[in-house]
Amino acid sequence: MTSPAPQDLFVTQATLADWPVISAWAAAEGWNPGLSDGPAFFAQDPEGFFLGRIDGEPVSAVSVVNYGDDYAFLGCYLVRPDLRGQGHGLTTWKTALAHAGTRTVGLDGVVAQQDNYRRSGFELAHRTARYTGPAPTGPVPDGVRPAEAADLAAVTAYDSACSPADRPRFLAEWLTLPGHRAFVREDGGRLTGYGVIRPGHDCPRVGPLFADTADDARALLTALSAEVAGQQVAVDIPEPNKAAVALVLDLGLTPSFETARMYTGPVREHALDRVFGVATLELG
């Protein structure tokens with residue numbers, strides 16, 4: 001897919017080899033992308049990443065990652081700072097959005113862009129806040145252990161109940177990428193939650209953190225934090241989950257960054273009360 005634009009901008013699909021450029025732009029914006037995210041992102045939809053180039057040089061980016069036949073997620077909306085205000089972002093956006101076809105599209109929009117997203121047909125579902133602070137300390141409660149390959153099916157099923165779409169290809173990579181550490185909690189052989197922590201450009205990020213109860217989430221977060229003891233951590237929490245907000249505030253984390261989850265249409269029912277931490281703002 002190629003789209004010409006003013007000043008010889010050409011938008012084409014990006015490859016995994018282009019990911020360091022996109023990730024570096026995101027880091028410069030203060031979004032704290034993960035250090036190893038690329039392979040999991042492209043595993044979900046290798047055709048869902050787009051770059052705008054002028055004379056072969058990348059100047060803009062958008063991702064529109066498809067999940068099944070009904071849902072897609074838009075992220076990585078970036079334009080090189082010295083070339084903003086010239087229409088490059090909008091052209092890249094329009095080209096990328098066509099990849100979603102008739103699917104409902106979701107995004108986590110920064111405050112400065114939310115009015116633009118509304119004009120493009122996105123409606124607010126809820127706000128999300130990033131909480132950061134020292135990694136919580138304490139003994140790891142019973143029932144928490146590192147995730148194993150044999151847990152993938154159960155984790156994928158649990159994840160599906162907490163998400164607007166199934167994402168097995170993403171999870172198969174996400175749980176095992178370099179630097180990623182995943183834990184599960186069980187009760188009588190039944191999964192009651194799972195979580196992942198990964199290295200970020202600024203500090204480690206927790207996500208997803210999905211759990212039946214605040215106690216399950218606390219147990220998992222304690223185990224995840226033990227992997228990065230002494231460091232700052234960050235977790236993105238949907239505002240409607242009051243138990244999740246209360247948990248991180250009790251653990252000494254404070255809000256530092258705000259986005260809004262927005263959709264162009266309906267999404268399937270999912271257990272937002274079990275979302276104690278979003279997987280990633282780039283892919284939902």
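Trainee: What should I keep in mind about the model and its numbering?

Mentor: Residues are numbered from 1 along each chain as its sequence is written. The model is predicted, so local features need pLDDT of at least 70 and side-chain atom pairs count only at pLDDT 80 or more, while totals for chains, interfaces and linings use all residues; side-chain values use heavy atoms, without hydrogens and water.

Trainee: What makes β7 and β13 a pair of strands?

Mentor: Strands are DSSP runs of E with at least two residues, and helices are runs of H or I with at least four, both numbered from the N terminus. Two strands pair if DSSP finds at least two bridges between them. Strand β7 (residues 123-134) and strand β13 (residues 254-263) are joined by nine bridges and run antiparallel.

Trainee: Which strand is joined to β7 by seven bridges?

Mentor: That is strand β12 (residues 232-238), which runs antiparallel to β7. Here Y131 stands opposite V235 in β12.

Trainee: How many aromatic pairs are there?

Mentor: The count is 14 aromatic pairs. Rings of Phe, Tyr and Trp (its six-membered ring) pair if their centres lie within 6.5 Å; planes under 30 degrees apart count as stacked, over 60 as edge-to-face and the rest as tilted.

Trainee: Why is the pair of W19 and F41 called edge-to-face?

Mentor: The ring centres of W19 and F41 are 5.3 Å apart and the planes stand at 85°, so the pair is edge-to-face. This pair links distant parts of the chain, with W19 in helix α1 (residues 19-28) and F41 in helix α2 (residues 38-44), 22 residues apart.

Trainee: Why are W19 and F41 called buried?

Mentor: Buried means under 20% relative accessible area, exposed over 50%, and partly exposed in between (1.4 Å probe, protein chains only). W19 has a relative accessible area of 9%, so W19 is buried. F41 has 0%, so F41 is buried too.

Trainee: What makes W93 and F122 an edge-to-face pair?

Mentor: Their ring centres are 5.9 Å apart and their planes are at 65°, so this pair is edge-to-face. W93 is in helix α3 (residues 88-97) and F122 is in the loop between α4 (114-119) and β7, 29 residues apart. W93 counts as buried because its relative accessibility is 5%, and F122 counts as buried because its value is 0%.

Trainee: How do you know that α3 is mostly covered?

Mentor: Seven of the 10 residues of α3 are buried. They are H88, G89, T91, T92, W93, T95 and A96.

Trainee: Why is A172 called partly exposed?

Mentor: A172, in helix α6, has a relative accessibility of 36%, so A172 counts as partly exposed. L175 lies in the loop between α6 (168-174) and β9 (181-187), and L175 counts as buried because its relative accessibility is 14%.

Trainee: What makes R274 sit over the ring of Y158?

Mentor: The rule asks that NZ of Lys or CZ of Arg is within 6 Å of the ring centre and within 35 degrees of the ring normal. R274 lies over the face of Y158, at 5.1 Å from the ring centre.

Trainee: Why is C203 said to be in no disulfide?

Mentor: A disulfide is a pair of cysteine sulfur atoms within 2.5 Å. A search of the whole structure finds zero disulfides. For C203, the nearest cysteine sulfur, that of C76, is 18 Å away. C203 counts as buried because its relative accessibility is 12%.

Trainee: What makes a space a cavity or a pocket?

Mentor: On a 1 Å grid over the protein atoms alone, a cavity is a set of points where a 1.4 Å probe fits but cannot get out; a pocket is an open set with protein on both sides within 12 Å along at least five of seven lines, and lining residues have an atom within 4 Å of a point. Grid points are joined across faces, edges and corners, and a volume is the space filled by probe spheres set on the points. There are two cavities of 30 Å³ or more. The largest cavity holds about 180 Å³. Of its 19 lining residues, the closest to the centre are C162, S163, P164, R261 and G284.

Trainee: Which residues are closest to the centre of the largest pocket?

Mentor: The largest pocket has a volume of about 530 Å³. Of the 29 residues that line the largest pocket, W31, Y77, L78, Q113 and Y117 are the closest to its centre. β5 gives the most to this lining, with six residues.
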